[in-house]
Amino acid sequence: MPRNPDEFAIHLLLEGGAREEVRFVTLKDFQTWYSGVVVPKHDSQEFVNVPIKTIQGEYMVVRPSAIIAIRVEPIFNSSF
């Protein structure tokens, strides 16, 4: 029986070598944010919000044109 991830770590590689990690509860949440916020402004220099649901009171903004790579990592918190 396949296991389901508890959450997804999204690693953003930005211009200049900066790396940031944000987490989404489901892959669908990430895909909705990515296709609704990042893709329409992929060449924009405007800042867009990156949701950080795991840390209260903290937020991050990024320029979509500065994102050069994204890695999606499933996170499994429990074991069998």
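Lysine 41 is partly exposed, with a relative accessible area of 34%. Its side chain takes part in a salt bridge with glutamate 46, in which the closest N and O atoms are 3.8 Å apart. This pair belongs to a structure that holds 4 salt bridges, and the model described here is a predicted one.

**Strand E1 and its partners**

- Strand E1 spans residues 7-14, and 7 of its 8 residues are buried, so the strand is largely enclosed by the rest of the structure.
- Strand E5, residues 67-75, runs antiparallel to E1 and is joined to it by 8 bridges.
- Within this pairing, alanine 69 of E5 stands opposite leucine 13.
- E1 also pairs with strand E2, residues 19-24, in the antiparallel sense, here over 6 bridges.
- Valine 22 in E2 is the bridge partner of isoleucine 10.
- The hairpin of E1 and E2 has 4 residues between the strands, and glycine 16 in this hairpin takes a positive phi near 85°.
- As a general point, side chains in a regular strand alternate between the two faces of the sheet.

**Salt bridges**

- Side chains of opposite charge can pair when their charged atoms come close.
- Arginine 23 and glutamate 7 meet through their side chains in a salt bridge, with an N to O distance of 2.8 Å.
- This pair links distant parts of the chain: arginine 23 lies in strand E2 and glutamate 7 in strand E1, 16 residues apart.
- Glutamate 7 has a relative accessible area of 15% and is therefore buried, the cut-off being under 20%.
- Arginine 23, at 28% relative accessibility, counts as partly exposed.
- A further salt bridge is formed by the side chains of glutamate 73 and arginine 71, at 3.9 Å from N to O.
- Both residues of that pair are partly exposed: glutamate 73 has a relative accessible area of 28%, and arginine 71 has a relative accessibility of 47%.

**Histidine 11**

- Where is histidine 11 found? Histidine 11 is part of strand E1.
- With a relative accessibility of 18%, histidine 11 counts as buried, because the cut-off is under 20%.
- The side chain of histidine 11 makes a polar contact of 2.8 Å with the side chain of glutamate 73, the residue that also forms a salt bridge with arginine 71.
- Leaving aside residues up to four places away in sequence, histidine 11 touches Glu20, Glu21, Ala69, Ile70, Arg71 and Glu73.

**Nonpolar surface patch**

- Helix H1, residues 27-38, and strand E5 each supply at least two residues of the patch.
- Leucine 27 has a relative accessible area of 33% and is partly exposed.

Key: Residues numbered from 1 in each chain as written. Predicted model: local features only at pLDDT ≥ 70, side-chain atom pairs only at ≥ 80, totals over all residues. Heavy atoms only, no water. Buried < 20%, exposed > 50% of the residue type's maximum accessible area, 1.4 Å probe, protein only. Pairing = 2+ DSSP bridges. Polar contact = N/O pair within 3.5 Å; in protein donor to acceptor, adjacent residues only side chain to side chain. Contact = heavy atoms within 4.5 Å.
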